[in-house]
Amino acid sequence: MNFRMTNEAEFNLAYEKSISNRDDFWDEIATYYHWQNKWHTVEKCSMKDASFRWFEGGKTNICFNAVDRHLKENGNRIAYIFEPNNPDESATTITYNKLHEEVCKYANLLKHFNVQKGDRVCIYLPMIPELVYAVLACARIGAVHSVVFAGFSAQSLAARIQDCGAKVIITADGSFRGLKSVSLKSIADEALVNCPSIKHSLVTRRTNEPIQLGNRDVEIESLLEEMGNTCDITWMDAEDPLFILYTSGSTGKPKGMLHTTGGYMVYTGYTFKNVFAYEDGDTYWCTADIGWITGHSYIVYGPLLNGATSVLFEGIPTYPDPGRFWEVIDKHKVTQFYTAPTAIRSLAKESLEYVSKHDLSSLKVIGSVGEPINEEAWQWYNDNVGKNNCPIVDTWWQTETGGILISPLPNITELIPTYATKPLPGIEPALIDEHKKEINELAASGNLCIKRAWPSIARTIYGDHQRYIDTYFTAYPGYYFTGDGALRDKNGNYRITGRVDDVIIVSGHNLGTAPIEDAINEHPFVAESAIVGFPHDIKGNALYGFVTLKTDKKMDETLIRNEINKYISEAIGPIAKLDKIQFTSGLPKTRSGKIMRRILRKIAEGDFSNFGDISTLLNPEIVEEIKNSRV
Ligand code: PRX
């Protein structure tokens with residue numbers, strides 16, 4: 001069996017084998033990687049106790065596979081083309097040799113600060129090469145990286161550091177975002193006040209703005225020069241932890257999804273190669289941030305495991321103008337381009353000239369991730385970026401899944417706009433109806449579950465396995481429940497319709513309602529709040545907040561609206577700000593005190609047609625009031 005499937009027959013064969021003979025299938029795929037010791041058991045998995053073990057007995061190292069393995073034959077190949085925020089600053093290239101040296105220096109630096117196998121290292125950096133070096137350095141020495149998106153606030157950063165007990169943080173003075181810069185170091189300083197587990201804060205330079213150095217702070221640039229540029233590999237058991245990445249949940253506390261070494265490596269490398277049909281000589285570009293799972297799996301690990309050349313982009317799509325993406329594709333002759341529907345929608349609003357003045361003919365495959373792509377955006381992407389000549393891979397997956405589970409394969413799968421289409425080898429989706437029964441007919445809709453484990457499924461929620469079981473394996477015993485709803489056509493193609501739980505996807509960011517409500521409720525004037533999503537032209541969904549104020553407090557409504565958003569920015573980050581805030585004297589609640597969000601969702605959408613049964617409400621009269629004062 002080939003690692004890369006090149007036609008429908010090969011795909012069918014691979015899929016069939018992955019289902020009928022799962023162990024042999026993954027056994028064969030895993031041999032494409034370097035293992036210091038071979039595994040004795042391909043997999044031992046149980047959905048019941050959420051226990052997933054892949055390639056046990058095997059020893060490997062993902063950094064070795066991503067970097068060292070390519071050095072002998074392809075050391076001079078470019079791993080990354082770094083495209084800075086400012087287009088006047090020239091792009092730089094990082095070969096695999098250079099990547100190896102820098103990663104080793106970072107690994108030696110971590111060792112210098114006594115970071116050992118199993119220790120957690122928090123990484124809070126902008127999209128600069130140092131972020132990749134830091135991530136791979138952790139993997140090289142067996143430290144567990146926890147990257148926190150640089151748009152998160154001090155409180156969010158602190159909560160993530162506290163949850164995993166990180167010993168060291170790697171951060172920067174600041175980050176560039178278009179014309180603005182953000183002082184990351186001062187955000188980190190604010191967070192670290194409440195993070196006693198951090199022994200050292202290692203600071204690299206990007207913006208060169210003045211920073212304050214406290215007791216735990218170390219400027220690392222000159223220190224790195226003293227570090228050796230080779231560093232022994234720490235061979236890891238296949239199930240040794242690789243990283244923790246936080247995602248929103250239905251309570252205020254974020255879930256630290258833990259991924260381990262062997263299975264994650266096998267799956268991300270395999271899916272990168274196949275979904276993007278990557279071949280030597282191609283230049284791939286994923287516009288995500290490494291602070292999200294897309295960046296972990298398809299900027300860092302997946303591409304490097306395949307010895308790929310990627311663009312690493314520091315900037316934003318609209319700086320210096322909304323043609324930046326298209327300019328960069330043209331400049332670096334990008335062959336595979338992977339972005340989010342929200343970016344496509346916002347750029348589609350701009351003059352077509354921004355696209356048409358650039359030569360995009362290098363493109364072979366274009367991709368989408370993070371939220372459902374609506375038909376209009378799909379068509380615009382197809383017509384104007386792909387020029388009706390590039391397959392669009394609409395890739396469905398999650399932080400929890402580690403890698404892409406449902407996606408077309410370029411020039412193999414028949415494309416249907418808005419459909420993520422077919423499961424990849426090893427993936428068996430199921431739709432479950434309201435009676436918790438799996439639906440056998442092909443054409444159907446229901447809650448999307450996965451029947452059997454795949455190598456890169458998250459192993460647990462760090463420090464809380466029971467929460468992992470409760471969240472994903474309890475609603476439908478025997479299945480992994482994704483939290484998404486889906487539609488399946490008569491040919492077995494899947495279309496993801498959106499979240500069916502308390503998570504709202506805003507501009508591709510996964511936001512839980514609970515942490516936002518917790519932030520709002522911190523305001524001294526707020527009695528209670530409820531957040532729902534409503535459709536938004538560019539963001540996909542935007543947030544609508546229903547807020548009840550304490551009756552004895554009087555304040556200007558505009559002022560309090562601003563303050564509420566300030567509280568949210570401080571607790572989570574600007575990405576979670578509300579688009580609309582409606583003040584109401586109460587929230588619709590059932591007799592057991594549960595907020596009936598279904599009604600709030602309809603009101604936020606402006607759909608007053610049918611609220612369904614509201615007789616179980618404790619306060620049915622509130623519905624009319626909320627409806628009449630909708631903002
Ligand atoms: O609702 C689905 C949506 O994003 C959720 C996962 O978010 P996160 O863990 O942040 O990972 C995003 C990047 C993989 C999913 O439960 N989602 C992701 N991709 C798609 C999607 N919805 C529809 N179509 C997609 N292609």
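Which residues in H6 meet which residues in H7? Let me start there. In H6 they are Ala154, Leu157, Ala158 and Ile161. Their counterparts in H7 are Ile187, Ala188, Glu190, Ala191 and Leu192. Contact here means heavy atoms within 4.5 Å. By class, the residues of this contact are eight nonpolar, no polar and one charged. The classes are as follows: Ala, Val, Leu, Ile, Met, Phe, Trp, Tyr, Cys and Pro are nonpolar, Asp, Glu, Lys and Arg are charged, and the others, Gly among them, are polar.

A word on the source. This is a predicted model, where local features need pLDDT of at least 70 and side-chain atom pairs count only at pLDDT 80 or more, while totals for chains, interfaces and linings use all residues. Residues are numbered from 1 along each chain as its sequence is written, and side-chain values use heavy atoms, with hydrogens and water left out. Helices (H or I, at least four residues) and strands (E, at least two) are DSSP runs, numbered from the N terminus.

Back to the helix pair. H6 covers residues 154-164 and H7 covers residues 184-192. Their axes come within 8 Å and cross at roughly 55°. That makes H6 oblique to H7. On the angle terms: under 35 degrees is roughly parallel, over 145 roughly antiparallel, 65 to 115 roughly perpendicular, and the rest oblique. Axes are lines fitted to C-alpha atoms, for helices over the stretch in contact, with angles from 0 to 180 degrees between N-to-C directions. The crossing of H6 past H7 is right-handed, that is, the near helix is turned clockwise from the far one by less than a right angle.

Ser153 sits in the loop between strand S7 (144-147) and H6. Is Ser153 buried or exposed? Ser153 counts as buried, at 8% relative accessibility. The cut-offs: buried is under 20% relative accessible area, exposed is over 50%, and partly exposed is in between, with a 1.4 Å probe and protein chains only. Leaving out residues up to four places away in sequence, Ser153 touches Ile187, Ser569, Glu570, Ala571, Ile572 and Gly573.

Now the sheets. Two strands pair if DSSP finds at least two bridges between them. Tyr246 stands opposite Gly256 in S15.

Helix H15 (residues 465-472) has four names to note: its buried residues are Arg467, Tyr468, Ile469 and Tyr472. They pack against S2, S15, S23 and strand S24 (480-488).

The other open sheet on my list has seven strands, ordered S5-S4-S17-S16-S18-S19-S20. Its pairing is mixed. Strand S5 (92-95) and strand S20 (392-395) are the edge strands, each pairing on one side only. From one strand to the next, the twist averages 20°. S16 and S17 run parallel, joined by three bridges. Trp285 has Val311 in S17 as its bridge partner.

Tyr278 lies in the loop between helix H9 (261-275) and strand S16 (283-286). Tyr278 is buried, at 1% relative accessibility. Among the residues it touches, not counting those up to four places away in sequence, are Phe272, Tyr284, Ala308 and Gln336.

Next, the backbone. Where is Pro320 found? In the loop between strand S17 (309-313) and helix H11 (324-332). A cis peptide bond joins Tyr319 to Pro320, with omega about 0°.

Ala50 is not a glycine, yet has a positive phi of about 50°. Ala50 is in the loop between strand S1 (41-46) and strand S2 (51-56). Its relative accessible area is 2%, buried. Lys333 also has a positive phi of about 50°, and is not a glycine. Lys333 is in the loop between H11 and strand S18 (336-339). Lys333 is partly exposed, at 41% relative accessible area.

Last, a hairpin. S26 and S27 form it, with two residues between them. Ser507 in the turn has a positive phi of about 45°. Four bridges join S26 (residues 503-506) to S27 (residues 509-512), running antiparallel. Ile504 has Leu511 as its bridge partner in S27.
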